[in-house]
Amino acid sequence: MTPSSRRRFLADLGQAGAVLATSSWLEAIGYAQAARGPARALIQQPRVRGDFDRRVLGAFLEHLGRAVYTGVYQPGSPLADKNGFRTDVVREVKELAVPIIRYPGGNFVSGYNWLDGVGPKAQRPTVLERAWNSIETNQFGTNDFVDWCRMVGAEPLLGMNFGTGSAEMAVAYVEYCNLDRGSKWSDLRRSHGYEKPHNVRYWCLGNEMDGPWQIGQMQSREYGRKARDAARQMRVVDPGLQLIACGSSSTGMPQYLIWDREVLEECYDQVDGLSLHAYYGNTQALTANSTARYLAMNLDMDRQIREIAAVCDYVQGLRKSSKRLWLSFDEWNVWYRARGGDAVNGRRQFAPKLLEEVYNLEDALLVGGFVNTLLRNAERVRVACLAQLVNVIAPLVTNDTGVLRQSTFFPYAWALRYARGRVLDLRVESDTYPISAAGLQAEFARNDQVPFVDAVATLDSQSGQACVLMLNRDLDGERELALEWRDVTPTRVLACETLTGPDLKAFNTFEQPRRVAPQRLDAPAAGARMSFKLPPRSYTVAQLATTT
Ligand code: AHR
């Protein structure tokens, strides 16, 4: 290397390091700061962030509280079908078209014996479930879940017990589900009435194994070695598996990033993805109870994705591996109210009311922000699961007579309905507002500038349809977003809806189910330049036909 190219190399290296460590959120997500006035986004069709795997809009169903029992399964209810499945919930989930659903936990999985939940129902044991201190009857288990998934059109993502469970039983689980016939576990499945294998492709190797709350918590290297050993055996049973190792349970963990590096140093060659989890809230410690800071929290998610991806790439380099890991953000949501005391302790009840978070308008706007973050990182994040789906920190809530859509249902449903094809690499310029680190918990303490407008777009070259999802974080004022299209031109606005309202704390109830609900928004005329007027504190979707 000549001295001048070496200098350039070091300067570039320094710049890359600086971008990762200290850059503002704006730069990191490809945004630029604009003077006061309309935000602008340049859309150039060849500039794509990546193909968009719909698995990034998955969900999560845990044996926890009323998620399974009375959420999806309630034999005897007038709303249940012959299998005991709630038909109203099936209808909602089917209409949502959730692509993949993670099951059976969560913390639950670390004490779960999957054998208890298969075979004749009358012979399944009732057990004391120790993650949530509840009674588990095992009347709903793996085969029931797979049946239910086929009914709603979702792919199962199964979790394995790495807490009390052995590698042997985890491998047996794969054999039970995926091997055709002629072996102990595959023949057991056949004897349970399931001739054809379930062919479950995506599996989680345990759950949050770094957490002191986790049954069977482990040290990073111990877990990494167990994951490697189990994964190697599983691949003998089924070479087509996609295996996800447990990453850090949150950015607040003392070993955050170190855990991830050490786990991957042990099992990199045997796994395909690494999990990320995050829950957010508008609290004194996390946001100083400031909605402006709260609505910027999807940028904390962007940052977590960048940091974890950097660790994966670091270990890839160490291992000199040609394999690049993808990320599985398999638990994310707002969760801060129903988080202690009776809300997390089942007190040895069957289907107790646990984690029943009531979501308001500001939560829904932030969930829209999370959807934007996941989409713009779709090149790296292949799987993600809204945690959870029904009753437990969920967009859907059941009672004896029906199902309610919480506020957070809508941004999630829009992405599922309209986002298709590839995620475009928008160049957004937006006016910003400052946030301050003062007094906040370390992982959320940021002095930074937050763009008022957060936007993502997808384009499906087959149908020619584009989708634009727009968050306006301005609590008081309308914001304009001027879209400039190159190489592809919108020809018609097919849909344009917004979620907004005067009261950020408004929420839906069975009595008032539409206090927070989508409204039609006047869209600009379709064309190469389109200026959306985004209401204050709103999340908006536009579906467009284009010339593609
Ligand atoms: O989703 C609720 C719980 O949050 C899950 O069981 C656990 O994995 C996480 O801590």
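This is a predicted model: local features need pLDDT of at least 70, side-chain atom pairs count only at pLDDT 80 or more; totals for chains, interfaces and linings use all residues.

Residues are numbered from 1 along each chain as its sequence is written, and side-chain values use heavy atoms, with hydrogens and water left out. The ligand sits in the largest pocket, and its shell includes E331, a buried residue.

**The ligand and its surroundings**

- There are 13 residues around the ligand, and among them E62, N107, E208, Y279 and E331 come nearest; a residue is near a molecule if one of its heavy atoms lies within 4 Å of it.
- Sorted by class, this shell holds six nonpolar, four polar and three charged residues. Here Ala, Val, Leu, Ile, Met, Phe, Trp, Tyr, Cys and Pro count as nonpolar, Asp, Glu, Lys and Arg as charged, and the others, Gly among them, as polar.
- The ligand sits in the largest pocket. On a 1 Å grid over the protein atoms alone, a pocket is an open set of points with protein on both sides within 12 Å along at least five of seven lines, and a molecule sits in it if more than half of its atoms lie within 2 Å of its grid points.
- A polar contact is a pair of N or O atoms within 3.5 Å; within protein, one must be able to donate a hydrogen and the other to accept it, and residues adjacent in sequence count only if both atoms are side-chain atoms.
- The side chain of E331 has an N or O atom 2.6 Å from an oxygen atom of the ligand, and the side chain of E208 has one 2.7 Å from a ligand oxygen.

- E331 belongs to strand β12, residues 326-334. Helices (H or I, at least four residues) and strands (E, at least two) are DSSP runs, numbered from the N terminus.
- With a relative accessible area of 5%, E331 is buried. Buried means under 20% relative accessible area, exposed over 50%, and partly exposed in between (1.4 Å probe, protein chains only).
- From E331 to N207 there are 124 residues in sequence, and the C-alpha atoms are 10 Å apart in space.
- D272 occupies the loop between α8 (258-267) and β11 (273-280), and D272 counts as buried because its relative accessibility is 14%.
- A polar atom of the D272 side chain lies 2.7 Å from the backbone nitrogen of L243.

**Backbone features in loops**

- Most residues other than glycine have a negative phi, and most peptide bonds are trans.
- The peptide bond from Y103 to P104 is cis, with omega near 5 degrees; P104 lies in the loop between β5 (100-103) and β6 (127-129).
- The bond from A387 to Q388 is also cis, with omega near 5 degrees, and Q388 is in the loop between β14 (381-387) and β15 (396-398).
- N391 is found in the loop between β14 and β15. N391 is not a glycine, yet its phi is positive, at about 70 degrees, and N391 counts as buried at 2% relative accessibility.
- A288, in the loop between α9 (284-287) and α10 (291-294), has a positive phi near 55 degrees. A288 is partly exposed, with a relative accessible area of 39%.

**An enclosed helix**

- Why is helix α13 (residues 409-418) described as largely enclosed by the rest of the structure? Nine of its ten residues are buried.
- Among the buried residues of α13 are F409, F410, W414 and Y418.

**Residues apart in sequence**

- R221, in helix α7 (residues 220-237), is partly exposed at 27% relative accessibility. R221 and E265 are 44 residues apart in sequence and 8.1 Å apart in space, C-alpha to C-alpha.
- A506 is placed in the loop between β24 (490-499) and β25 (519-520) and is buried at 8% relative accessibility. A506 and S407 are 99 residues apart in sequence, with 8.8 Å between their C-alpha atoms.
- F510 is likewise in the loop between β24 and β25, and it is partly exposed, with a relative accessible area of 31%. F510 and A32 are 478 residues apart in sequence and 43 Å apart in space, C-alpha to C-alpha.

Conventions: On a 1 Å grid over the protein atoms alone, a cavity is a set of points where a 1.4 Å probe fits but cannot get out, and a pocket is an open set with protein on both sides within 12 Å along at least five of seven lines; lining residues have an atom within 4 Å of a point.
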